[in-house]
Amino acid sequence: MSDNELIEVKFLKSPKGKFLVGHLPEFNTYNKHQVLERWVEACGDLFKIHFVGKEFVVSANPDLNNKMLRLRPESFKRFSKIDEILKEMGVDGVFNAEGTSWKRHRKPIAEALSVKNVKAFYPIILDKTKIILEKFKDYAERKTVVDVQKEFMAFTIDVTTEIAFGHKLDTINNKSNDFQKHLEVIFPMINERVTAPIPIWRYFKRKKDKTLDNSLKSIQQVIHGFIDDAKNRMLQNPELKDQPSNFLEALLVENKDANFTDEEIYGNVFTMLLAGEDTTSNSLSWIVFYLAQNPGIVTQVREEANTVYPEGLPDVYEHVEALKYAHAVSLEAMRLKPTTPQLYLEANDDVVVDHVVIPKGTNIILQNKVAQTDESYFSNGDTFMPERWLEGKCPMDKNHAPNVMRAFGGGARYCPGMHLAKTEMIVLVSVLCKYFDFKLEVKPEDIRERFEFTMYPENLKITLEPITLNKEVIA
Ligand code: HEM
């Protein structure tokens with residue numbers, strides 16, 4: 001095929017499927033992302049699949065994927081089903097908004113999560129880090145086997161809820177709370193409904209649909225209460241406008257032009273909880289998965305921590321900015337194990353991207369993970385080597401293509417929570433390595449990727465070995 005020849009979707013090849021149902025039986029498994037990866041291996045970086053006649057194009061080509069991501073919101077949107085399901089649950093926020101509505105949402109959200117505001121929220125991250133550090137010290141002393149995924153989930157729940165609207169939880173110390181219990185009902189149901197072939201709940205409400213309605217109602221009441229409180233607080237303390245203490249206050253400050261309704265503010269606060277918890281805790285778990293197998297790297301993170309903040313914790317945001325190696329460790333884990341290995345787009349109009357003719361309405365799955373370990377983009381692609389992300393110190397003499405890494409998405413809709421997520425990861429990784437060595441309690445091959453909306457390591461268990469420090473650590 002010549003370089004200028006157009007590629008039409010109808011001529012794309014396909015993995016072997018079944019009569020009528022197509023690729024659905026093979027895809028109908030909990031680890032859909034691995035099925036897609038196998039198909040990429042078998043069919044190359046552009047092919048199509050169908051589920052009972054409904055067609056999907058799969059692209060694992062990073063150039064094509066980057067171009068499509070950049071053509072949003074005009075030429076591509078997220079799968080319309082995502083918006084349909086979230087709106088049905090009363091969620092109208094930046095993640096599911098499209099077109100001009102998305103532009104209206106995006107600006108204040110991005111401002112509310114800016115580096116300046118993340119710095120202002122930093123004491124919350126530090127406080128939760130202290131709490132989890134104390135808990136881990138206790139685990140180390142008792143030689144308890146730690147369920148990493150569960151612990152980090154509790155950490156991000158406590159951080160995100162307090163940053164979202166100032167609500168203090170102590171999930172880290174197993175304090176049960178109704179708010180989180182309701183979210184635990186809602187989040188898996190979003191996943192279930194987005195991937196359901198038939199919307200049964202619209203014809204018949206099962207027990208779990210009624211439980212969901214009840215949880216949604218409770219969460220709405222609580223968050224609307226927080227919105228009213230924040231509005232009153234800001235009226236009484238105008239100085240909060242210059243230094244908002246949480247995301248909700250920051251959003252109210254940035255809301256001048258967008259003029260969000262309370263329902264839209266609710267939608268965006270809810271979106272923050274949905275988008276910010278599992279993604280960050282899963283990435284943290286994958287980081288520990290690699291650290292526990294690479295003690296030399298743990299030592300390097302520790303040395304950096306001891307240089308940047310010789311005593312205690314990274315008390316100020318400037319410490320975080322100086323933790324370059326801990327940052328590189330986080331990026332490297334996200335390259336190998338992105339928690340969102342694929343993104344889902346739909347064409348708004350007929351469009352030609354990189355010679356591929358994409359008709360209006362085409363559903364496209366952007367498989368971003370395969371390229372992130374491909375030798376042509378990252379030398380020694382399967383090896384965990386944080387150094388490759390250090391400026392001027394990348395030992396890979398050949399390939400290093402940061403632009404292929406799409407763990408936070410791309411184009412105008414890239415993740416606006418990136419600074420916040422990176423701050424949480426850098427601090428926790430640095431602090432844990434400063435105080436502990438990690439030992440895997442399960443064989444690495446028994447720790448499996450599990451995909452449920454986001455991807456996490458199933459069965460990751462470790463023990464902690466305390467590091468003897470010369471100086472007293474926490475005040
Ligand atoms: C390591 C942690 C995280 C990862 C890996 C991650 C990844 C992603 C990805 C891949 C997207 C889709 C981007 C695209 O379509 O191009 C996204 C969107 C989004 N993320 Fe994150 N995220 C993380 C943490 C957070 C946090 C902490 C927040 C908020 C507090 C957040 C808020 C959002 C929002 C609001 C969107 C939708 C943006 C839009 O549609 O314009 N994320 N994230």
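In the predicted model, helix α15 comprises 13 residues, 324-336. The buried positions are Y325, A326, H327, A328, V329, S330, E332, A333, M334 and R335. The cover over these residues includes helices α12, α13 (295-308) and α16.

The packing of α15 against α13 can be described in detail. Two packed helices are described by the angle between their axes and the distance between the axes. The axes of α13 and α15 come within 8 Å of each other and cross at roughly 145°. On the α13 side the contact is formed by I297, Q300, V301 and E304, which meet Y325, A326 and V329 of α15. By class, the residues of this contact divide into 5 nonpolar, 1 polar and 1 charged.

Helix α16, which also contributes to the cover over α15, contains I426. This residue counts as buried because 25 C-beta neighbours lie inside 10 Å, where 20 or more are required. Beyond its neighbours within four places in sequence, I426 is in contact with V320, L323, A326, H327 and S330; A326, H327 and S330 are among the buried residues of α15. I426 and V329 are 97 residues apart in sequence, yet their C-alpha atoms are 8.4 Å apart in space.

A corresponding description applies to N282, which is found in helix α12. N282 counts as buried because it has 26 C-beta neighbours inside 10 Å. When residues up to four places away in sequence are not counted, N282 touches T339, T454, M455 and Y456. In contrast, L240 is 42 residues from N282 in sequence, and the two C-alpha atoms are 33 Å apart in space.

The ligand is surrounded by 27 residues, of which G276, T279, G409, C415 and G417 are the closest. Helices α5 (99-112), α11 (262-276), α12 (278-291) and α16 (418-435) each supply at least two residues of this shell. The largest share, 4 residues, comes from α11. In composition, the shell divides into 15 nonpolar, 10 polar and 2 charged residues.

Among the strands, five form an open sheet with mixed pairing, in the order β2-β3-β9-β6-β4. Strands β2 and β4 (76-78) stand at the edges, each with a single partner strand, so one side of each is left without a neighbour in the sheet. The twist averages 35° from one strand to the next. Within this sheet, β2 (residues 46-51) and β3 (residues 54-59) pair in the antiparallel sense over 6 bridges, and K48 has V57 in β3 as its bridge partner. The hairpin of β2 and β3 has 2 residues between the strands, and V52 takes a positive phi near 45° there. Strand β3 is also joined to β9 (residues 363-367) by 4 bridges, the two strands running parallel. In this pairing, S59 stands opposite L366 of β9.

A further open sheet consists of 3 strands in the order β5-β13-β10, with antiparallel pairing. Its edge strands, β5 (146-147) and β10 (436-440), each pair on one side only. Strands β10 and β13 (residues 461-466) run antiparallel and are joined by 5 bridges. The bridge partner of L440 in β13 is I462.

Most residues other than glycine have a negative phi, and most peptide bonds are trans. The peptide bond from R72 to P73 is cis, with omega near 5°; P73 is placed in the loop between α3 (62-70) and β4. L20, a residue other than glycine, has a positive phi near 65°. L20 lies in the loop between β1 (7-8) and α1 (24-27) and counts as exposed because it has 9 C-beta neighbours inside 10 Å. N174 likewise is not a glycine and has a positive phi of about 60°. Its position is in the loop between α7 (148-165) and α8 (178-195), and N174 is exposed, with 9 other C-beta atoms within 10 Å.

Terms used:
Residues are numbered from 1 along each chain as its sequence is written. This is a predicted model: local features need pLDDT of at least 70, side-chain atom pairs count only at pLDDT 80 or more; totals for chains, interfaces and linings use all residues. A residue is near a molecule or strand if its C-beta atom, placed from the backbone, lies within 6 Å of it. Ala, Val, Leu, Ile, Met, Phe, Trp, Tyr, Cys and Pro count as nonpolar, Asp, Glu, Lys and Arg as charged, and the others, Gly among them, as polar. Two strands pair if DSSP finds at least two bridges between them. A residue is buried if 20 or more other C-beta atoms lie within 10 Å of its own, exposed if 12 or fewer, and partly exposed in between; C-beta atoms are placed from the backbone. Two residues are in contact if their C-beta atoms, placed from the backbone, lie within 7 Å. The expected span of a helix is 1.5 Å times one less than its number of residues. Axes are lines fitted to C-alpha atoms, for helices over the stretch in contact, and angles run from 0 to 180 degrees between N-to-C directions.
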